[in-house]
2 protein chains.
Amino acid sequence: MLHRFRSAAAGLLLSAALAVPAQAQTAAKTDSLNLRKLYDEALLRGQSYDNLRYLCQNIGARLSGSPQAEQAVQWGKQTMEKLGFDRVYLQEVMVPHWVRGAKEKASFKAGKGKSQDAAVCALGGSIGTNGKLKAKVVEVRSWDELAKLPDDKVKGRFVFFNRPFDDRLIEPGAAYGGAVDQRGRGPIEAARRGAVGALVRSMTSAQDDYPHTGTTRYDDKVTKVPAAALSTLAANRLSAALKQDADLEFELEMACQTLPDVKSYNVVGEVKGSKYPDEIITVGGHLDSWDLAQGAHDDGTGCVQSIEALRLLLATGLRPERTVRAVLFMNEENGNRGGTKYAELAKAAGEKHLAAIESDGGGFTPRGFSVEANAATVARLQRWAPLLAPYHADGIGPGHGGTDIGPLKGQAQALIGYDGDSQRYFDLHHTAADTFDKVHRRELELGGAGMAALIYLLSKYGL
Amino acid sequence: MLHRFRSAAAGLLLSAALAVPAQAQTAAKTDSLNLRKLYDEALLRGQSYDNLRYLCQNIGARLSGSPQAEQAVQWGKQTMEKLGFDRVYLQEVMVPHWVRGAKEKASFKAGKGKSQDAAVCALGGSIGTNGKLKAKVVEVRSWDELAKLPDDKVKGRFVFFNRPFDDRLIEPGAAYGGAVDQRGRGPIEAARRGAVGALVRSMTSAQDDYPHTGTTRYDDKVTKVPAAALSTLAANRLSAALKQDADLEFELEMACQTLPDVKSYNVVGEVKGSKYPDEIITVGGHLDSWDLAQGAHDDGTGCVQSIEALRLLLATGLRPERTVRAVLFMNEENGNRGGTKYAELAKAAGEKHLAAIESDGGGFTPRGFSVEANAATVARLQRWAPLLAPYHADGIGPGHGGTDIGPLKGQAQALIGYDGDSQRYFDLHHTAADTFDKVHRRELELGGAGMAALIYLLSKYGL
């Protein structure tokens, strides 16, 4: 059972608590009431959950260059047109086109044991194996360990990068940051030492059989070798088997390949500012997803929340004083071409960007916002924390904005990342498990409303 | 994707930020490091998740008086004995014994339409229908509406209490508080007006077909009538059907009954305080659950977190200075006999209770603690917020402690409820969906560590 009744009128009486002069108190009261309107609209008549259902279940996985990515572009455009935004348009951008081909297969056998299958998937951008690739395996957990291996322990083998997430870290994003170098640099460093392939432990604390894909890199001066992610359970089993039989052979078959770049689009929906139309606030997520799943939390939620944030402002009559653009960026996952193009076009047009907000950490229950800006700007944003506290969106501090909005650095005064709770995020990230049912309606709506609230304040007060 | 790297050393450098004299700074640094030890132990070697798996999957639903409740008592005792707590013992308590019997059935038919089944379950404590009970239905959303109905619109009918959760409320517990009176008083108020039964909309914002059980009440001076919960979708369908055909008949069949009280137990595990053994800190959850599901979030998580909190203190060498008791309370759901008994025995023994902590709001990602105490005590607890902030457990404020520890009011200086995020809680609460797979390992462990951290501070500094 649970009987924990917090203030039912949260947000309504807040202004009284702000130690400010009378005029500012009136403004704070107005703001408090307006934020409440945005949340009411989201919680009672929110559209983001239904939008997300459509994107996930009717379109599904939408890697850059895929037919589904094109469907998603059309869906995004039509969805914003139906909402009556002032202007909805596409920004053309050429994107990479990598395809997985037939589902990957892998197996290994320790000593005289039975051959066992290993759950694997190609890392994004990897070359294929051109049939079956069979080789011995050497396991490492650090670059140093790899550097110290004698050549004959690496040459002709798979290098198996098996450094796990550091579970002590409270923020899973920090654990990801401490492990993802293996996925990015693994194939280059392995090939430099003469290895025939790279096997990388999946980027998660979860113990399960979902392999996690994600971008890997090659260097034109180093032989390209196939690179695959192993599920954490497969990685554990392989590691145990290697202790038993250091010369076991691992067999991998992957049919992935990179095709020529194709034309795609960012989708932009704009509402003109009523007072300062030339000052722009961008809010966005990325429309592309990895090919393995529905891309629900990564990043369908960010897309539908961005659209919803604009819808909430219009539906509540809080038309922004500065121009606001909801942007569905293409190709965050394997190139960031959309984000790069958006910033280029903004620069070429001489646009003044006040701030850019991105939601790309999953649509989980709100925590606040992380801000990439100078200290004074961060402090200025923190002054709004009391207004956001009733909604648990008041955790405002310095941090990363987002990949898509990253290229706006230097053009926008603040890059702002929406922070939801992230404990569950890396269970799903880049896997077949990132599906619509993992998203909670109210958590999603609270996030979109929080973004709308921040835009309302930014558009009214500037920075 | 996500690249949001917060301080990897969260919690280690915190003491520097506290504006306190040198000696206090040293203490704060020690405390900060000790909290980090508790969290490390929980996140790297936590046992609560495996304990919960056993409780949910090997024992399962465990309503007071059931054989599974007895198994849970033995499991709790053995689990704490194996951990080497100083003393593990049972507190005998007589508990109600209500049984559901065969699964309930319900159906209705509007006009000349087809008969449709409705997802229902008996409310806890309800009498059965003694075969099929068929009657017309009158829908109300408030007591006022019921009061204004003419007798002939109520007599011989089911009263259908269909007031939904107020979705505008940010805290789902507040929405629950605004609707649960229908479940508690519905049958009495319906019978008082001559109705033959009560149908109550399930206590949730979720739109699905899980009926939510929970305790209802009778009054010895008023005829007892059967009371059932309808899933929210069934309630919506019935409401729509009534608009079409106000005289439709609803058919309900329930075989539930109340048997004589049976003997059961609270399970208590104690670690003696090294300095102040006579001052007691209790930490607990309730061992009983409703009969429909595994009682994962309600309240298996509270039980395993309470055990874990003690284990963490011992495993890290932070033996508490005051006596700490992990208590698995029996019968929170339909009587609170265990909580009442515990407080009675404590009073009779003249025990001094410093504080009692309860986790009974689900094992979700941490928010903080809600405190039932005088303002000075709340403020004292709030001074520890900076130490808990790196773990997101710093939301400390006045609020409800918990049902099981409620009877300690006046005996304990503070009643403290562990607050996890609650957006998902009422999707599962009292339903067949409250299963182990809904609990996230790290969220659960972070909660147990947060409780251990608070106990560490309480046991060191008192209140």
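Predicted model: local features only at pLDDT ≥ 70, side-chain atom pairs only at ≥ 80, totals over all residues.
A network of salt bridges with shared partners links Arg87(A), Glu270(A), Lys272(A), Arg325(A) and Glu351(A).

In chain A, a salt bridge of 3.6 Å (N to O) connects the side chains of Arg441(A) and Glu445(A). These residues lie in helix α13 of chain A, again 4 residues apart, about one turn of the helix. Glu445(A) has a relative accessibility of 3% and therefore counts as buried. Over all chains, the whole structure contains 72 salt bridges. One of them pairs Glu372(A) with Lys409(A), whose closest N and O atoms are 3.1 Å apart. Glu372(A) is in strand β14 of chain A and Lys409(A) in the loop between β15 (395-398) and β16, so this pair ties together parts 37 residues apart in sequence. Glu372(A) is partly exposed, with a relative accessible area of 21%, whereas Lys409(A), at 58% relative accessibility, is exposed.

Glu270(A), a member of the network described above, is located in strand β10 (residues 257-271) of chain A. Its relative accessible area is 2%, and Glu270(A) is therefore buried. The side chains of Glu270(A) and Arg325(A) are joined by a polar contact of 2.7 Å. Apart from residues up to four places away in sequence, Glu270(A) touches Phe85(A), Asp86(A), Arg87(A), Tyr89(A), Thr323(A), Val324(A) and Arg325(A).

The two chains meet at an interface in which 58 residues of chain A are in contact with 58 residues of chain B. About 5300 Å² is buried between chain A and chain B, 50% of it on carbon and sulfur atoms. The count of salt bridges between the two chains is 4. A salt bridge between the side chains of Arg424(B) and Glu443(A) has an N to O distance of 3.0 Å. Polar contacts between chain A and chain B involve 28 residue pairs, both residues being at pLDDT 80 or more. On the side of chain A that touches chain B, at least two residues each come from α1 (22-45), α5 (172-177), β14 (366-372), β16 (412-420), α12 (425-428) and α13 (441-461). The residues on this side of chain A comprise 20 nonpolar, 17 polar and 21 charged.

Helix α7 (residues 232-244) of chain A has 13 residues and spans 19 Å from its first C-alpha to its last, close to the 18 Å expected at 1.5 Å a residue. Its buried residues are Thr232(A), Ala234(A), Ala235(A), Leu238(A), Ser239(A), Ala241(A) and Leu242(A). The strands of chain A against which these buried residues pack are β2 (105-109), β5 (132-140), β6 (158-161), β7 (197-201), β8 (227-230) and β9 (249-253). In chain B, helix α8 (residues 296-315) has 18 of its 20 residues buried, so this helix is largely enclosed by the rest of the structure. Gly317(B), which follows α8(B), has a positive phi, near 75°.

Several loop residues of chain B were also examined. His212(B), in the loop between β7 (197-201) and β8 (227-230), is buried at 2% relative accessibility. The side chain of His212(B) reaches the backbone oxygen of His429(B) at 2.9 Å. Beyond its neighbours within four places in sequence, His212(B) has contacts that include Cys121(B), Ser202(B), Ala229(B), Phe426(B) and His430(B).

Thr435(B) is placed in the loop between α12 (425-428) and α13 (441-461) of chain B and is buried, at 14% relative accessibility. A polar contact of 2.6 Å links the side chains of Thr435(B) and Asp437(B). With neighbours within four places in sequence left aside, Thr435(B) is in contact with Gln294(B) and Ala296(B).

Ile127(B) occupies the loop between β4 (120-122) and β5 (132-140) of chain B and is partly exposed, at 29% relative accessibility. The C-alpha atoms of Ile127(B) and Thr258(B) are 7.3 Å apart, although 131 residues separate the two along the chain. Not counting residues up to four places away in sequence, Ile127(B) touches Tyr218(B), Lys224(B), Val225(B), Pro226(B), Met254(B) and Cys256(B).

Methods
Residues numbered from 1 in each chain as written. Chains lettered and ligands numbered in written order. Heavy atoms only, no water. Expected span 1.5 Å × (residues − 1). Buried < 20%, exposed > 50% of the residue type's maximum accessible area, 1.4 Å probe, protein only. Contact = heavy atoms within 4.5 Å. Buried area = accessible area lost by both parts, 1.4 Å probe. Polar contact = N/O pair within 3.5 Å; in protein donor to acceptor, adjacent residues only side chain to side chain. Nonpolar A, V, L, I, M, F, W, Y, C, P; charged D, E, K, R; others polar.
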